[in-house]
Amino acid sequence: MFTGIVEELGTVIALDPGEDSARLTVHGPLVTSDAVHGASIAVNGVCLTVVEHGDDQFTVDVMAETLDRSSLGGLVAGDRVNLERAMAASSRFGGHIVQGHVDGTAEILGRTPGDRWEVVELSLPPGLARYVVEKGSITVDGVSLTVSAVTTPTDDRPTFSVSLIPTTLALTTLGHKGVGDRVNLEVDVLAKYVERLLTTKEIHA
């Protein structure tokens with residue numbers, strides 16, 4: 001489990017595609033400082049398992065399901081990525097419950113700068129819209145954020161907005177993403193469990 005508090009900006013060394021998978025190698029001195037084989041590291045919000053590590057870098061296998069649901073397949077050498085190690089039981093819970101199980105991707109539609117912050121508007125896949133509420137939690141490329149607005153424009157394509165503080169702009173990839181870029185989304189898992197419980201109750205009623 002993760003909290004959505006990015007520990008480090010890593011750099012992609014290589015993405016080697018297979019027939020229906022890929023092997024990703026990332027440079028990240030902090031997250032590899034205590035890495036072991038089998039450790040979990042979130043890369044842009046995707047929970048991945050370390051299969052090799054050393055020299056301040058680690059390698060993970062990315063299966064077809066992950067490539068289909070996330071933006072990882074579009075990475076190239078030199079890209080920056082958000083990194084977070086799995087949460088330790090003794091750690092402070094700084095963000096919200098993040099599983100690292102990406103639900104889908106969104107497109108950045110616009111950025112509106114403020115004095116020292118920015119409002120970022122993103123597309124909202126219709127299948128995920130019911131889980132996203134104003135002032136609720138959402139994970140964008142592995143960053144725990146608060147939804148500042150949810151809208152349904154006249155074209156019936158829902159969007160949502162988040163406000164990025166200076167720290168988020170400086171220490172995560174969200175400070176450098178542009179309009180048209182894709183990002184990974186993970187909605188609040190509690191909302192999905194509540195929906196499932198209510199649906200199951202209706203089935204057995």
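Modeller: Helices here are DSSP runs marked H or I with at least four residues, and strands are runs marked E with at least two, both numbered from the N terminus. Please keep in mind that this is a predicted model.

Biologist: Thanks! How much of residues 1-96 is strand?

Modeller: The end C-alpha atoms of residues 1-96 lie 10 Å apart. Helix makes up 6% of that span, and the share of strand is 45%.

Biologist: What name does UniProt give to the repeat it lists at residues 1-96 and 97-198?

Modeller: The UniProt entry is unreviewed, and it lists those two spans as a repeat. The entry also has a domain annotation covering residues 1-96 and 97-198.

Biologist: How far apart are the centres of domain 1 and domain 2?

Modeller: The domain assignment places domain 1 at 8-85 and domain 2 at 104-197. Taken over C-alpha atoms, their centres are separated by 23 Å.

Biologist: Which residues of domain 1 lose the most area to domain 2?

Modeller: Twelve residues of domain 1 are in contact with twelve of domain 2. The two domains bury about 850 Å² between them, with 42% of it on carbon and sulfur atoms. On the side of domain 1, 49% of the buried area comes together from three residues, which lose the most: N44, S71 and N82.

Biologist: How many residue pairs are in polar contact across the interface of domain 1 and domain 2?

Modeller: Let's start with salt bridges: across this interface the rule finds zero. For residue pairs in polar contact, with both residues at pLDDT 80 or more, the number found is four.

Biologist: Which strand gives the largest share of the side of domain 1 that touches domain 2?

Modeller: The residues on that side divide into four nonpolar, five polar and three charged. The largest share, four residues, comes from residues 80-85, which form strand β6.

Biologist: Let's look at one residue. Where is L15 placed?

Modeller: Leaving aside neighbours within four places in sequence, L15 is in contact with residues including A22, R23 and L72. The C-alpha atoms of L15 and L67 are separated by 12 Å, and the two residues are 52 residues apart along the chain. L15 itself belongs to residues 8-17, which make up strand β1.

Definitions and conventions
Residues numbered from 1 in each chain as written. Predicted model: local features only at pLDDT ≥ 70, side-chain atom pairs only at ≥ 80, totals over all residues. Heavy atoms only, no water. Domains from an automatic or database assignment. Contact = heavy atoms within 4.5 Å. Buried area = accessible area lost by both parts, 1.4 Å probe. Salt bridge = Lys/Arg side-chain N within 4 Å of Asp/Glu carboxyl O. Polar contact = N/O pair within 3.5 Å; in protein donor to acceptor, adjacent residues only side chain to side chain. Nonpolar A, V, L, I, M, F, W, Y, C, P; charged D, E, K, R; others polar. UniProt positions renumbered as here; feature names shortened; annotations may be inferred.
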